[in-house]
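User: I am new to this structure and would like to learn how to read a few of its features. Please take them one at a time.

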Amino acid sequence: NKLYDYQGRSFVDAPGSVKPPAAEREDYVAFVPKRCVHTWRGHTKGVSTIKLFPRTGHLLLSASMDCTVKIWTVEGDGGKVMRTYAGHAKSVRDICFSNDGRKFLSAAYDRTVKLWDTETGQFINSFSNRAIPYCVKFNPDEDKQNEFLAGCSDKKIVQYDIRTADLVQQYDQHLGAVNTIAFIDENRRFVSSSDDKSLRVWEWGIPVVIKYVSEPEMHSMPAVAVHPSHKWLCYQSLDNQIVTYSSRDRMKLNNKKAFKGHLVAGYACGLTFAPDGRFLGSGDSSGRLMFWDWKTTRLLRTLSAHQGVTIACEWHPVETSKVVTCGWDGLIKYWD
């Protein structure tokens, strides 16, 4: 298991042959994947979420219910596990890379968020406010990479500084556990969804809700994806549909963009957009992987992906038609 090649580059460094991300290429066109081309095995229990390495996607980070986080190679040598990060005492719920991928956060049911060095596997720091962190997000701004948010089971969103491990800010308005956090408006604001079936928009660093979205027909929304144009937020709604909100115009619900046909009631199945925004992908509770056309909201393809729940999926940031999925059967699959 070579961690360094002949030039002394570590496995974290992107191979020289990798193309720029799809967002920076004019000739990029996405396609919907057709079949499974690879399966990563190694986790002994279900996998709760996956994240591809920022910009290049040459590594894959997976968080599992076996209390570990693993990192795998994606292309080339058949998908080996490169490191296993063990340190949590309970199942790991969420993970988040920093912008350069050199560090990542892991949030687990042992009520801690841990910060790791991706390359060395070294544990850097632990953050806890004695509640279960359900989602964790670095601030995407380059100059704020030292701060992150965690949405917790005690209805709060907490903001920490990784340099001092101090609790910098608390956003305390929700009436239920916080499920998702998504940054909008050039990362000046973020939207949180919660078990109280509402959405709340916050200014970064200011613990006052600037917009509160709650309707009687709304359901809990435990997963979110931001459209690559940054104009729309898609939420997995627990009444078996994906609903779309405008991120610009006062968080307005777009009734024309509701995506249906899958079963997610009771599960926080993740969403993913193709990097050019043409397709939306989602897992579902019966183990399927579904793709919709963004413009027409038509269901384009259904793939049978996992035994049990397909809990997360992520589109490759560089390749045209490659998607990674993970499920509660402990497998991670690569689709093309």
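Analyst: Start with strand E11, which is covered on both faces: Glu147, Leu149 and Gly151 are buried on one side, and Phe148, Ala150 and Cys152 are buried on the other. Buried means under 20% relative accessible area, exposed over 50%, and partly exposed in between, with a 1.4 Å probe and protein chains only. Strands (E, at least two residues) are DSSP runs, numbered from the N terminus. The model is predicted, so local features need pLDDT of at least 70 and side-chain atom pairs count only at pLDDT 80 or more, while totals for chains, interfaces and linings use all residues. Residues are numbered from 1 along each chain as its sequence is written, and side-chain values use heavy atoms, with hydrogens and water left out.

User: Which strands pair with E11?

Analyst: Two strands pair if DSSP finds at least two bridges between them. Strand E10 (residues 133-138) pairs with E11 in the antiparallel sense over five bridges, and valine 136 has alanine 150 as its bridge partner in E11. Strand E12 (residues 157-161) also runs antiparallel to E11, joined by five bridges. There, phenylalanine 148 stands opposite tyrosine 160.

User: What is found in the hairpin of E11 and E12?

Analyst: Four residues lie between the two strands, and lysine 155 takes a positive phi near 75 degrees.

User: How is a pair of aromatic rings described?

Analyst: By the distance of the centres and the angle of the planes. Rings of Phe, Tyr and Trp (its six-membered ring) pair if their centres lie within 6.5 Å; planes under 30 degrees apart count as stacked, over 60 as edge-to-face and the rest as tilted. By this rule there are 26 aromatic pairs. In one of them, the ring centres of phenylalanine 97 and phenylalanine 104 are 6.2 Å apart and the planes are at 70 degrees, so the pair is edge-to-face. Both phenylalanine 97 and phenylalanine 104 are buried.

User: Why is the pair of phenylalanine 259 and tryptophan 292 edge-to-face?

Analyst: Their planes are at 70 degrees, with the centres 6.2 Å apart, so the pair counts as edge-to-face. This pair links distant parts of the chain, 33 residues apart: phenylalanine 259 is in strand E21 (residues 253-260) and tryptophan 292 in strand E24 (residues 288-293). Phenylalanine 259 is buried, at a relative accessible area of 0%, and tryptophan 292 is buried at 0%.

User: Which residues form an aromatic cluster?

Analyst: One cluster is made up of Phe53, Tyr85, Phe97, Phe104, Trp116 and Phe123.
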